[in-house]
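Biologist: Could you walk me through this model before I start on it? I would like to settle the terms as we go.

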Amino acid sequence: MMTMAAAGRFPAFRVLRIVLLTVALPPFIIGVAVGSVLLYSLGGWGWWRWTIVVLGGLIVLAGAGLAVAGLRSTVGDERHEVAAILLGGALLTAMALASVAATKARVTLDNATAVECTVLALTGVVATTGDTSTPATEHDLECAGGYPTTYFSPSPQAEVGGRFELLVDPTGALRPTTAEHVEEDWWSGLVITLLAAGLYMAWSGWRGARWLITTSGSSSAAATHQTLD
């Protein structure tokens, strides 16, 4: 009887549950987020482009909810359950949003056209985002191909009469921007995605292994006690 209890110490369904929660869900969430952005960026889908975005977002939310619910179930007390929900949700949200930002930047780098622009005038303006106002510079431009005619940035990209390059997305999905800005988005998005995914997988793996050993050890002890009685 004790041999049978030891053999069943790590039930297959519990091990599979931990593997799915820790190893399978993060790549799945990232893959759906990245795939949705790529499909949207292809263009030519008409209203299906937004359908893809909505479906992709719903699938990501469902996967994240499943992951958070799985983490919550591996915690014993209510206080730590709240921590599991907050930490797991934050990591999964950062992972999904950063992968979307990195993918958009990568698509721009791969598909955008570099356009040389001449600065005709510079005007200081105030950019307002919510309750935050920051100084910015409006550039009046003359660009090859006639687009764009204006560009805003925190600081002047060149003096009046000077030239600089902008990346123009032919699909119109992204605003014209500088290559340096897009490269920063690409690398920072990639780093945050990998960091958040790594932290989530390490934490959920640790929680899952601890839950597996604790519950299995308790079950084995109970089975041994029942056998001895």
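Modeller: Let us start with accessibility, where a residue is called buried under 20% relative accessible area, exposed over 50%, and partly exposed in between, using a 1.4 Å probe and the protein chains only. This is a predicted model, in which local features need pLDDT of at least 70 and side-chain atom pairs count only at pLDDT 80 or more, while totals for chains, interfaces and linings use all residues. Residues are numbered from 1 along each chain as its sequence is written, and side-chain values use heavy atoms, with hydrogens and water left out.

Biologist: What share of the residues in the protein is buried?

Modeller: Of the 229 residues in the protein, 34% are buried.

Biologist: And how many helices and strands are there?

Modeller: The protein has 5 helices and 4 strands, where both are DSSP runs numbered from the N terminus, helices being H or I with at least four residues and strands E with at least two. Reading from the N terminus, the order is α-α-α-α-β-β-β-β-α.

Biologist: Let me get to the charged pairs. How many salt bridges do you count?

Modeller: The count is 2 salt bridges, taking a salt bridge as a side-chain nitrogen of Lys or Arg within 4 Å of a carboxyl oxygen of Asp or Glu. In general, side chains of opposite charge can pair when their charged atoms come close.

Biologist: Which strands does the pair Glu 116 and Arg 163 involve?

Modeller: The side chains of Glu 116 and Arg 163 meet in a salt bridge at 3.0 Å, N to O. Glu 116 sits in strand E1 (residues 113-129) and Arg 163 in strand E4 (residues 163-168), so this pair ties together parts that are 47 residues apart in sequence. Arg 163 is exposed at 56% relative accessibility, whereas Glu 116 is partly exposed at 41%.

Biologist: How far apart in the helix are Arg 106 and Asp 110?

Modeller: Arg 106 and Asp 110 also form a salt bridge, at 3.0 Å from N to O, and they are separated by about one helical turn because they lie 4 residues apart in helix H4. Asp 110 is exposed, with a relative accessible area of 51%, while Arg 106 is partly exposed at 30%.

Biologist: Changing topic, how much space lies in the second largest pocket?

Modeller: The second largest pocket holds about 530 Å³ of space. Among its 26 lining residues, those closest to the centre are Ala 33, Ser 36, Val 37, Val 53 and Val 100. Helix H2 (12-42), H3 and helix H4 (78-111) are the elements that give two or more residues to this lining, and H4 gives the most, with 9 residues.

Biologist: Now the loops. Which residues does the cis peptide bond join?

Modeller: It joins Tyr 147 and Pro 148, with omega at about 0 degrees, and Pro 148 is in the loop between strand E2 (132-143) and strand E3 (150-153).

Biologist: What about Thr 178, buried or exposed?

Modeller: Thr 178, in the loop between E4 and H5, is buried at 7% relative accessibility. Its C-alpha lies 5.7 Å from that of Leu 167, although Thr 178 and Leu 167 are 11 residues apart in sequence.

Biologist: And where is Glu 180?

Modeller: Glu 180 is in helix H5 (residues 179-228) and is exposed at 53% relative accessibility.

Conventions. 1 Å grid on protein atoms, 1.4 Å probe; cavity = no way out; pocket = protein on both sides within 12 Å on 5 of 7 lines; lining within 4 Å. Points joined across faces, edges and corners; volume = space filled by probe spheres on them.
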